[in-house]
Amino acid sequence: YPMGALPNGFTSYDLYYAVDDTIKLRQLLNLKADKTIIEEGVYFVNGDNHVYNGTDIKETYYLDGLTIKNVDNKELVINGYLKMIPVRLNSMYRVLQLNNCNHYKISGSGCLVGDVSEHFGDNGEWAYGLELKSCNYVTINGITCSLNWGDGISCSNGDIEGGMTPEEKNKIFRQSKHIYEHVTVNYNRRTGFVYLTGNDIICRS
């Protein structure tokens with residue numbers, strides 16, 4: 001699906017009201033298998049912090065997107081199309097986040113696609129296709145990150161006190177040894193590829 005366009009047969013109505021694969025995908029990732037494969041197909045991810053139904057806001061807490069946390073020495077193969085459901089209540093999301101993971105590999109021909117063309121409202125900028133936090137020895141190979149409300153790929157250190165030097169940030173928040181190979185990042189609203197801090201970051205085609 002070029003540049004994150006909707007697959008044939010799907011409409012914006014389907015995106016927001018009809019389809020949500022977030023829980024199933026979380027259950028799959030929570031198995032923490034040595035190698036997890038998301039096969040070809042379209043999978044819809046919810047980025048709102050509450051569940052919206054028609055004109056009523058249900059006060060049900062909903063974690064935004066997909067997160068892999070505290071997992072080492074694993075591989076995730078994404079051959080499918082992970083599409084963010086249009087976000088109405090939260091301008092801050094990530095399709096997929098790696099948090100405190102080491103020796104982790106993400107590969108495949110899949111796409112992490114945001115909601116730029118369907119996003120409700122015009123505020124916010126912290127919405128990512130792929131976000132890495134405090135990760136070492138990570139390899140990203142072959143995936144595409146497109147049409148996200150913020151950045152295609154963002155490597156941030158979470159909440160950081162102002163006035164810290166880059167050396168102090170790196171000392172507190174680990175972020176090193178990342179390799180990107182044959183990764184495509186395009187048509188994101190803020191920018192394509194962002195590192196707040198990091199050591200030994202390699203990008204190559």
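Start by selecting A127: at a relative accessible area of 0%, this residue is buried (buried means under 20% relative accessible area, exposed over 50%, partly exposed in between, with a 1.4 Å probe and protein chains only). What you have open is a predicted model, where local features need pLDDT of at least 70 and side-chain atom pairs count only at pLDDT 80 or more, while totals for chains, interfaces and linings use all residues. Residues are numbered from 1 along each chain as its sequence is written, and side-chain values use heavy atoms, with hydrogens and water left out.

**Stop 1: around A127**

A127 sits in strand β11, residues 127-133. Helices (H or I, at least four residues) and strands (E, at least two) are DSSP runs, numbered from the N terminus.

**Stop 2: N148**

Next, pick N148, in the loop between β13 and β14 (151-155). A polar atom of the N148 side chain lies 3.2 Å from the backbone oxygen of S146. That is a polar contact: a pair of N or O atoms within 3.5 Å, where within protein one must be able to donate a hydrogen and the other to accept it, and residues adjacent in sequence count only if both atoms are side-chain atoms.

Show what N148 touches, not counting residues up to four places away in sequence, and you get Y93, V95, L112, V113, G114, V116, A127, Y128, G129, Y187, N188 and R189. Contact here means heavy atoms within 4.5 Å.

**Stop 3: the parallel sheet**

Switch to cartoon and look for five strands forming an open sheet, in the order β2-β7-β10-β13-β16, with parallel pairing. Two strands pair if DSSP finds at least two bridges between them. β2 (42-45) and β16 (184-186) are the edge strands; each has a single partner, so one side of each is left without a neighbour in the sheet. Neighbouring strands are turned by 15° against each other on average, direction ignored (axes are lines fitted to C-alpha atoms, for helices over the stretch in contact, and angles run from 0 to 180 degrees between N-to-C directions).

Zoom in on β10 (residues 111-113) and β13 (residues 144-146), which run parallel and are joined by three bridges. L112 is the residue standing opposite C145 in β13. Then move to β2, which runs parallel to β7 and is joined to it by four bridges. Which residue of β7 is the bridge partner of V42? Select Y81. Both faces of β2 are covered: V42 and F44 are buried on one side, Y43 and V45 on the other.

**Stop 4: helix α2**

Select residues 22-30 for helix α2, where T22, L25 and L29 are buried. Look down the axis of α2: the buried residues fall within an arc of 70°, so they line one face of the helix. The arc is that of the directions from the helix axis to the C-beta atoms. K24, Q27 and N30, on the other side of α2, are exposed.

What do the buried residues of α2 pack against? Colour β1 (35-38), β2, β5 (66-69), β6 (72-78), β7 (81-84) and β8 (93-99) to see their partners. Just past the end of α2, check the backbone of K32, which has a positive phi of about 55°.

**Stop 5: Q97**

In strand β8, go to Q97. Q97 counts as buried, at 2% relative accessibility. Its side chain makes a polar contact with the side chain of N99 (3.4 Å), and another, of 2.9 Å, joins the side chains of Q97 and E131. Leaving aside neighbours within four places in sequence, Q97 is in contact with L66, T67, I68, E131 and K133.

**Stop 6: the cysteines**

Search the whole structure for disulfides (a pair of cysteine sulfur atoms within 2.5 Å) and you find zero. For C101, the nearest cysteine sulfur is that of C135, 5.0 Å away. C101 counts as buried, at 0% relative accessibility. C155 is buried too, at 1%, and its sulfur is 7.8 Å from the closest cysteine sulfur, in C135, too far for a bond.

**Zooming out**

The protein chain holds three helices and 18 strands. Of its 205 residues, 47% count as buried. Among contacts with a separation of 6 or more, 77% are between residues 24 or more positions apart.
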